[in-house]
Amino acid sequence: MKHFVYLTEDKLYYIRRAPGRSGGYYFLGFRPVAGLEGVESAMESLSEVYNLKGRKVTVIMGVKVGIHVVNLPASTKSTALQMAEKQLLILGGEEEQLLAADFFPSSQEGMLRGVVYTAPGSWLWAVRSAASRVKLHLKEILPSPAFVAPFQIPKSMVWKKVPWCWSICQKTL
């Protein structure tokens, strides 16, 4: 079983994934979060109710996630991450910290195109310190767009119902 904690500016959700089930993700509960100060008490409450102490948990940051597009020279992933962090100093805000990055070949030869996800450092610190105090083992911290991107669109969704989405998606692909 995989355990996830999804943090928004006003709530902390507990999501569990049960292997072998279709869909597999279940929202089991939430606690209100009143800003940075409320993260620890909300995490502690969820931990006690759902017996999460000592378990590996993935945190999904839905709080002020920044998305930046960068163009970098072709390189290894570790070098690209270092270059993306340097770009973030220019592109990002004062408190933004790198959460994740996706890289893919650019249409320009010898270049990489990347999408860099960031979150405010104060929120990251609040999550890390709360998890430490509550005895949760943070497996990783993911930005919400990176977490929901792998979900497939249900076959029941008909594009004819939302024609504006299809045209926008086609233009950006």
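**View 1. Arg133 and Glu40 meet through their side chains in a salt bridge, 2.8 Å from N to O.** Here, a salt bridge is a side-chain nitrogen of Lys or Arg within 4 Å of a carboxyl oxygen of Asp or Glu. Side chains of opposite charge can pair when their charged atoms come close. Arg133 belongs to helix H3 and Glu40 to helix H1, so the pair links distant parts of the chain, 93 residues apart. The structure holds 1 salt bridge, and this is the one to look at. Keep in mind that this is a predicted model: local features need pLDDT of at least 70, side-chain atom pairs count only at pLDDT 80 or more, and totals for chains, interfaces and linings use all residues. Residues are numbered from 1 along each chain as its sequence is written, and side-chain values use heavy atoms, with hydrogens and water left out.

**View 2. Helix H1 spans residues 38-49.** Helices (H or I, at least four residues) and strands (E, at least two) are DSSP runs, numbered from the N terminus. H1 has 12 residues and reaches 17 Å from its first C-alpha to its last, close to the 16 Å expected at 1.5 Å a residue; the expected span is 1.5 Å times one less than the number of residues. Which residues of H1 are buried? They are Gly38, Val39, Ala42, Met43, Leu46 and Ser47. These cover an arc of only 160° around the axis, so they sit on the same side of H1; the arc is taken from the directions from the helix axis to the C-beta atoms. Buried means under 20% relative accessible area, exposed over 50%, and partly exposed in between (1.4 Å probe, protein chains only). Glu40 is partly exposed, at 27% relative accessible area.

**View 3. Five strands make an open sheet with mixed pairing, in the order S3-S2-S1-S4-S8.** Two strands pair if DSSP finds at least two bridges between them. S3 and S8 (137-143) are the edge strands, each pairing on one side only. On average, neighbouring strands of this sheet are turned by 25° against each other, direction ignored. S2 and S3 run antiparallel and are joined by 7 bridges; Tyr14 has Gly29 in S3 as its bridge partner.

**View 4. Helix H1 lies across S1, S2 and S3, at about 135° to S3.** Axes are lines fitted to C-alpha atoms, for helices over the stretch in contact (heavy atoms within 4.5 Å), and angles run from 0 to 180 degrees between N-to-C directions. H3 packs on the sheet too, touching S1, S4 (56-61) and S8, and its direction makes about 160° with that of S8.

**View 5. Strand S7 (residues 111-120) is largely enclosed by the rest of the structure, because 8 of its 10 residues are buried.** Strand S5 (residues 66-73) runs antiparallel to S7, with 8 bridges joining them; here Asn71 has Arg113 as its partner. Strand S6 (residues 96-105) also pairs with S7 in the antiparallel sense, over 9 bridges. Look for Glu96 opposite Pro120, and Ala100 opposite Tyr117. The hairpin of S6 and S7 has 5 residues between the strands, and there Gly110 takes a positive phi near 80°.
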